[in-house]
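Entries follow in the order I looked.

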Amino acid sequence: MKESGSLAARDAELITPEDLPLWVPGEIVTDSGNLRWRGIGQRTYRYRGLDVEIPPMDHYMIVHYLHGVTPMDRQVGGRWSRTECQPGIFSLLSLATDSHWHWTQPLEVSHVYLSGEVLAKVAGDMQGRDVAQVTLHDVLHGSDPTLTLIAAEVLREVRRGGDGSPLYAEALSIQLAVHLLRNYATCQFREKAPRQLTPAQRRRLDDYIESNLEGALTIEGMAMVLGVGVWTLNRLLRSTFGCSAHGLVTVRRVQRARALMSNRSLSLKQIAAAAGFSDQAHMTRIFRSHLGTTPGRLRDGGDHRMVQGTVPSVQDAAEGGS
């Protein structure tokens, strides 16, 4: 893979798992393509003996040998390896890697594909650092009961399908990614991430929270806006504001509710909904906890901490709502 050129240009050169039969012709026995999985895929192939060159692919590939025994030659990175592959053995192929494979006997294999996004996200969450690249080790003949058990479970889920399949596949993808990263991968990290959110990141986060406060505001969504993992997000928020993501959102809801109370046409129930509380009682509990008073007393002028004007931004959240 060339180091120069844009990321988009590099990605345009990579083939997808769906393209693989164009380069390695075989009979497709199982396929996860209709199961709506994200970040992970599976196909089972029956192959005759072949001599094939495979262009770089946009996924990591785990090959689990199911049936057949054959001598296997493979070239990766200009270096040839030779072994014998049989049921229970696995091979790994890293993302964006040229390879040349040669075997002589019929085989049935299960391919499990992991996206670069999955492996990079899991690696970032494990290390608490932004990952530039994950490279799988050059393994042609691997024996690992844990890895083959996960690969076998992925295959069983393709055959079984049914309700919850995308969720179960996601769980398997994370389990597989963690095992690969612990045992068969090398990570290159980006320059050390700042210990606090930058002003630009605060603005992006502020915009996201403000736009989603009434609805489905999730920690995962907040992390995605900043391009970090959930663990990294909470670390950055604690160092920047002294609170967790949940605490920051709660402060933001209190701030919006206080600002809306100057509008006498809105009932407390309407204000609770507009600020994203589950109901008026929930808002009252949070106000007592954070402000030591109730929304009713605050609105009726029994507490001089009533806030007029605009709601402070996320950048002031740690001071403004606690």
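**Strand E3**

I started with strand E3 (residues 50-54), where the side chains alternate. For burial I used relative accessible area with a 1.4 Å probe and protein chains only: buried is under 20%, exposed is over 50%, and partly exposed is in between. Helices (H or I, at least four residues) and strands (E, at least two) are DSSP runs, numbered from the N terminus.

Then I looked for the partner of E3. E3 pairs with E8 in the antiparallel sense over 5 bridges; two strands count as paired if DSSP finds at least two bridges between them. I noted that Leu50 has Trp103 of E8 as its bridge partner.

**Ground rules**

This is a predicted model, so I kept in mind that local features need pLDDT of at least 70, that side-chain atom pairs count only at pLDDT 80 or more, and that totals for chains, interfaces and linings use all residues. Residues are numbered from 1 along each chain as its sequence is written, and side-chain values use heavy atoms, with hydrogens and water left out.

**Helix H4**

Next I checked the length of helix H4 (residues 145-160). Its 16 residues at 1.5 Å each should span 22 Å, and the end C-alpha atoms are 22 Å apart, so the two agree. The expected span is 1.5 Å times one less than the number of residues.

Which parts of the structure do the buried residues of H4 pack against? I found E1, E2, strand E4 (59-67), E7, strand E9 (107-115) and helix H5 (165-183). Contact here means heavy atoms within 4.5 Å. The buried residues of H4 include Leu147, Ile150, Val154 and Val158. Glu153 is on the buried list too, at 14% relative accessible area. The side chain of Glu153 meets that of Arg160 in a salt bridge (3.0 Å, N to O).

At the start of H4, a side-chain oxygen of Asp144 comes within 2.9 Å of the backbone nitrogen of Thr146. A polar contact is a pair of N or O atoms within 3.5 Å; within protein, one must be able to donate a hydrogen and the other to accept it, and residues adjacent in sequence count only if both atoms are side-chain atoms. After H4 comes Gly161, with a positive phi near 60°.

**Positive phi elsewhere**

Most residues other than glycine have a negative phi, so I noted two exceptions. Arg36 has phi near 60° and sits in the loop between strand E1 (27-31) and strand E2 (40-47). Ala96 also has phi near 60°, in the loop between strand E7 (90-93) and strand E8 (99-103). Are they buried or exposed? Arg36 is exposed, at 66% relative accessibility, whereas Ala96 is buried, at 6%.

**Salt bridges**

I counted 14 salt bridges, each being a side-chain nitrogen of Lys or Arg within 4 Å of a carboxyl oxygen of Asp or Glu.

- Arg43 bridges to Asp31, with the closest N and O atoms 3.2 Å apart. This pair links strand E2 to strand E1 across 12 residues. Arg43 is buried at 11%, and Asp31 is partly exposed at 33%.
- Asp138 bridges to Arg79, with the closest N and O atoms 2.7 Å apart. Asp138 is in the loop between strand E10 (131-136) and H4, and Arg79 is in strand E6 (residues 79-85), 59 residues apart. Both ends are partly exposed: Asp138 at 34% and Arg79 at 47%.
- Asp206, Glu210, Glu214, Arg252 and Arg256 are linked in a salt-bridge network.

**Ser173**

What does Ser173 touch, leaving aside neighbours within four places in sequence? I got Ile40, Leu114 and Val118. Ser173 sits in helix H5 and is buried at 2%. A polar atom of its side chain lies 2.6 Å from the backbone oxygen of Glu170.

**Cysteines**

Last, I searched the whole structure for disulfides (cysteine sulfur atoms within 2.5 Å) and found 0. Cys85 is buried at 0%, and Cys243 is buried at 14%.
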